[in-house]
Amino acid sequence: MTDAQKNRIRRTMMFLNTQRAALVKDSYVYKPDSVLLDLEDAVAEGEKDSARVQLYNTLKYVDYHGVERFVRINGLDTPHYKEDIRASVAGGADGIRIPKTETKNDVALVEELVEKAEKEFGRPVGSTMLMAALESPRAVLNAYEIATSSDRMMGIALSAGDFKRTMHARQTADGSELATARGLIIMAARAAGIMAFDTVYTNIDDIAGLRREAELIRDMGFDGKSLISPKQIATIHEVFTPTEKEISRAEHLILAVEENKKKGVGVLVVDGAMVDIAMVEGAYRTLTLAKASGVYKGGLV
């Protein structure tokens, strides 16, 4: 796994029912950053084998035009996950999402099977990324342990449905029932140097509510959000697109700090505000997001 693979922009990760051939075949036209080809909740128990065949053929023969392809395998408490991993790796998936991850041991089990499959199907060892879905209080409390459990781990994601159920929590308009979990997950991800993704917004017709939640998790520091409908992509991308003012400030900050660094000056004033060298990383991230969103054509990234 290269740094470019690990750190690419992932504002949107769209779940797709692997059995719906027309949907998975053409999903790239909606331009999500990543797709999550689902073998778990979207597939009925009696259809797991046929979904796995569909998955392999989709991965092998459908051109996604640069859209990243992750597979959500079935849970480690089912009889399906081992073959899910083999089909995912054989087809050439970019990564695997582990549902209901509770501990580092869950990750170690999947990693062992992924490496075995890479060798079996002639894929470069280490090329298949992992991400973990945290769906319970225990998982959230183990977030840092999970985030640091493998060099393949590129991100951890909150999955709120089961989490709220096991917490006996009520759903609120402002998401207060998820505040602690979101905070722990983003801190664990940042401490581990990987990405953090928020849970899906289930009301696909409530675009205003989606926008409010996307703005909340953006401001908390999340890298992106899982989603369940193409209708949600544009809103999330818009929320994560820096404004002209933010782009201009980022450019000024980078240029000013780099120029003054040559002079040995670590703290200076840019656009009326005090900044230091430590803020350059955030400025580069702003420009990278702007470039991915198509609103920045400059040469600093």
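The entries go from ground rules to pockets, then salt bridges, backbone and surface.

**Ground rules**

I am working with a predicted model, where local features need pLDDT of at least 70, side-chain atom pairs count only at pLDDT 80 or more, and totals for chains, interfaces and linings use all residues. Residues are numbered from 1 along each chain as its sequence is written, and side-chain values use heavy atoms, with hydrogens and water left out.

**Entry 1: the largest pocket**

I noted the rule before looking. On a 1 Å grid over the protein atoms alone, a pocket is an open set of points with protein on both sides within 12 Å along at least five of seven lines. A cavity is a set of points where a 1.4 Å probe fits but cannot get out. Lining residues have an atom within 4 Å of a point. Grid points are joined across faces, edges and corners, and a volume is the space filled by probe spheres set on the points.

The largest pocket has a volume of about 980 Å³. I found 32 lining residues, and Glu281, Gly282, Arg285, Thr286 and Leu289 are the closest to the pocket's centre.

Which helices each supply at least two residues of the lining? They are H10 (207–220), H11 (233–239), H12 (244–262) and H13 (280–292). H13 gives the largest share, seven residues. Helices (H or I, at least four residues) and strands (E, at least two) are DSSP runs, numbered from the N terminus.

I sorted the lining by class and got 13 nonpolar, eight polar and eleven charged residues. Here Ala, Val, Leu, Ile, Met, Phe, Trp, Tyr, Cys and Pro count as nonpolar, Asp, Glu, Lys and Arg as charged, and the others, Gly among them, as polar.

**Entry 2: the cavity**

I counted one cavity of 30 Å³ or more. The largest cavity holds about 30 Å³ of space. Its lining is Arg8, Ile9, Arg10, Arg11, Met195, Asp223, Arg285 and Leu289. By class that lining has three nonpolar, no polar and five charged residues.

**Entry 3: salt bridges**

I searched the whole structure and got 28 salt bridges. Each is a side-chain nitrogen of Lys or Arg within 4 Å of a carboxyl oxygen of Asp or Glu.

I looked at Lys100 with Glu40, where the closest N and O atoms are 2.9 Å apart. The partners are 60 residues apart: Lys100 sits in the loop between strand E4 (95–98) and helix H5 (104–121), and Glu40 in the loop between strand E2 (34–38) and helix H3 (48–61). Is Glu40 buried or exposed? Glu40 is buried, at 7% relative accessible area. My cut-offs are under 20% for buried, over 50% for exposed and partly exposed in between (1.4 Å probe, protein chains only).

Asp94 bridges to Arg69, with the closest N and O atoms 3.8 Å apart. Asp94 lies in the loop between helix H4 (81–91) and E4, and Arg69 in strand E3 (68–72), so the pair ties together parts 25 residues apart in sequence. Asp94 is partly exposed at 21%, and Arg69 is buried at 12%.

Arg211 meets Glu238 at 3.5 Å, N to O. Arg211 is in H10 and Glu238 in H11, so this pair ties together parts 27 residues apart in sequence. Arg211 is partly exposed at 27%.

I also traced one network, in which salt bridges that share partners join Asp38, Glu40, Asp41, Arg72, Lys100, Glu135, Asp162 and Arg165.

**Entry 4: positive phi**

Most residues other than glycine have a negative phi. I checked for exceptions. Lys100 has a positive phi of about 50° and is not a glycine. Lys100 is partly exposed, at 33% relative accessibility.

His168 has a positive phi of about 60°, and it too is not a glycine. His168 lies in the loop between helix H8 (160–167) and H9, and is exposed at 73%.

**Entry 5: a surface patch**

I found Leu141, Leu184 and Met187 forming a nonpolar patch on the surface, with about 320 Å² of accessible area together. Patches are made of residues with over 30% relative accessible area and no salt bridge; like charges are joined within 9 Å and nonpolar side chains (Val, Leu, Ile, Met, Phe, Trp, Tyr) within 5 Å. Accessible areas come from the Shrake-Rupley method with a 1.4 Å probe, and for residues only the protein chains shown count as cover. Met187 is in helix H9 (179–192) and counts as exposed at 55%.
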